[in-house]
Structure formats: C-alpha cells, structure tokens
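Hello,

Here is the structure I promised to pass on to you. Please open it next to this email, and my notes follow below.

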Amino acid sequence: MGDQSFVSQGTRAHVRGAVTPIAAMAGRLGLTPNALTVIGFLISTGAAVAAGAQAWLAAAALVLIGGSFDMLDGALARVQNRVTRFGAFLDSTLDRWGEGVVYIGIVAGASAAGFVAGAVLAAAAAVSSFQVSYTRAKAESLRLHGEVGIAPRAERLVLLTGGLVLAGLDGGLASGARGRLWLAGALGIIFATASITAVQRTWHVRTQLRKAEQGAQ
C-alpha cells in the first residue's frame, strides 16, 4: 500500500520547491527552524481563539497561515543544514498540539452558536486526526514505514480551511444558516477520511510485520 493521499508526490515536491526561497528569506531575518515551528503553533492558537469567537474567516486564514509554517520550518532546516532529532520532535509535537487546539476552538464556537452537531463533529474529527498521527508515530517507533493513507495533515488542513471559509461566507453558524452545512460537511469528511487513513496505516503495519515474520522463517 503506497501513498494514496489526495495530493500527489509531484505536487508536494513542487510546493516544497516553492517554499524553499521563502524559508531561506526567513533564515536571513535571523529565524531558526524551531522558531518557525513555535510561531506556527502560536498562529494556530490564534485560529482557535478566532473560531471560539465565531470569526470563521479569520480562523480559516490563521489555520492556513499556521499550517504553512509546517512546510517552512522543514525547508529552513534543510537550507541551513540544521535538521536535528529534537527539531523533528518539536515540529511533530507542536503540529499535533496546534491542530488539537484549533478543534477545541471550533467546538467552543459551534457550542456558543447552539450548533451541537458541529461541536460533536469537531470533536470526532480531532480524535480521528490524532489517531492518524499516532499510528504513524507508533509505526516509526517499531522502525516501520507508517506514512500512507488518503488524509494526512496537509489534506485535513485544506478541508478544514475550506469548511471554515464557506461557513464564514454563508451565514456562519446561526440557526438555519447554510454555513452550518458547509462546516459540518468539512468536519464529517475529515472524520471519515482520517478514520480510513488510520485503518490504512494499521493494515500497512500489519503487512510489513507479516512480511518480516515470513522472511525470518
């Protein structure tokens, strides 16, 4: 089972090439890869605050900007030849933390708007997203490949940003507003695709372990 995400490897490589000059510029300004990681987390926290205040368009913009720092910190680390184990650990930790905080903000905003279904879907999307991250981390702790599936973090951020934008443009989460449908749809898709991804990664690990056991016989 290979990488079956919505975004092709060629597109990913093109995006990485595009952000490298921006990362190099950040380095010339005195920023380090770890500093970019922390800044990205703080921006995600701002997105959570905006979502809690039901400022959906601002939340969408901040989610997108915060997510872009996930590419910038890695690109800067490569440009400066400062790829470290702690940097990778910090990046992974704050990425998960930032994603979780954003969902908490959405739960708060949806609850304040009386949109209980939206709050439940946001919580469900958070849980399934964390499971995607956990299955990869556990696979790598077993020295196995775990980065497969249809909805890794980048795809989830795109879906979430789209849902927030459409919710903000189409009435927010007021009773009867179509914005509720847009956000609920995005969160539902994230929940479903992230759950599928976790299953794909679990199956991928099982396949690798079975091959290793057969090879040892």
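Apart from neighbours within four places in sequence, serine 128 is in contact with Ile190, Phe191, Ala194 and Ser195. Please keep in mind that this is a predicted model. Serine 128 sits in helix α5, and it counts as buried because its relative accessibility is 5%, where buried means under 20%.

The axes of α5 and α7 come within 8 Å and cross at roughly 20°. An angle under 35 degrees counts as roughly parallel, so α5 and α7 are roughly parallel to each other. The crossing in which α5 passes α7 is left-handed. On the α5 side, the contact includes Gly118, Leu121, Ala122, Ser128, Val132 and Arg136. On the α7 side, the residues include Ala184, Leu187, Phe191, Ala194, Ser195 and Arg201. Sorted by class, the contact of α5 with α7 has 13 nonpolar, 9 polar and 2 charged residues.

Helix α5 has another partner to look at. Helix α4 (residues 85-112) packs with helix α5 (residues 116-141) at an angle of about 170°, and their axes are 8 Å apart. Over 145 degrees counts as roughly antiparallel, which means α4 is roughly antiparallel to α5. From α4, the contact is made by Arg96, Glu99, Gly100, Tyr103, Ile106, Val107, Ala110 and Ser111. From α5, the residues include Gly118, Ala119, Ala122, Ala126, Phe130 and Ser133. This contact of α4 with α5 divides into 10 nonpolar, 5 polar and 2 charged residues.

Serine 111 lies in helix α4 and is partly exposed, because its relative accessible area of 45% falls between the 20% and 50% limits. The C-alpha atom of serine 111 is separated by 9.7 Å from that of leucine 173, although the two residues are 62 residues apart along the chain.

Now to the nonpolar cores. Which residues touch the most other members of the largest nonpolar core? Of its 25 residues, they are Val63, Tyr103, Ile106, Leu160, Leu164, Leu183 and Leu187. The elements giving two or more residues to this core are α2 (33-52), α3 (56-79), α4, α5, α6 (153-169) and α7 (179-216).

Asparagine 81 is in the loop between α3 and α4, and its phi is near 55°, a positive value in a residue other than glycine. Asparagine 81 counts as exposed because its relative accessibility is 70%, where exposed means over 50%. Arginine 143 is in the loop between α5 and α6. Its phi is near 60°, again a positive value in a residue other than glycine. With a relative accessible area of 81%, arginine 143 is exposed.

Best wishes

Technical notes
Residues are numbered from 1 along each chain as its sequence is written. This is a predicted model: local features need pLDDT of at least 70, side-chain atom pairs count only at pLDDT 80 or more; totals for chains, interfaces and linings use all residues. Side-chain values use heavy atoms; hydrogens and water are left out. Axes are lines fitted to C-alpha atoms, for helices over the stretch in contact, and angles run from 0 to 180 degrees between N-to-C directions. Helices (H or I, at least four residues) and strands (E, at least two) are DSSP runs, numbered from the N terminus. Angles under 35 degrees count as roughly parallel, over 145 as roughly antiparallel, 65 to 115 as roughly perpendicular and the rest as oblique. Contact means heavy atoms within 4.5 Å. Ala, Val, Leu, Ile, Met, Phe, Trp, Tyr, Cys and Pro count as nonpolar, Asp, Glu, Lys and Arg as charged, and the others, Gly among them, as polar. A nonpolar core is a set of buried Ala, Val, Leu, Ile, Met, Phe, Trp, Tyr and Cys residues joined through side-chain atoms within 4.5 Å. Buried means under 20% relative accessible area, exposed over 50%, partly exposed in between (1.4 Å probe, protein chains only). A crossing is left-handed if the near helix is turned anticlockwise from the far one by less than a right angle, and right-handed if clockwise.
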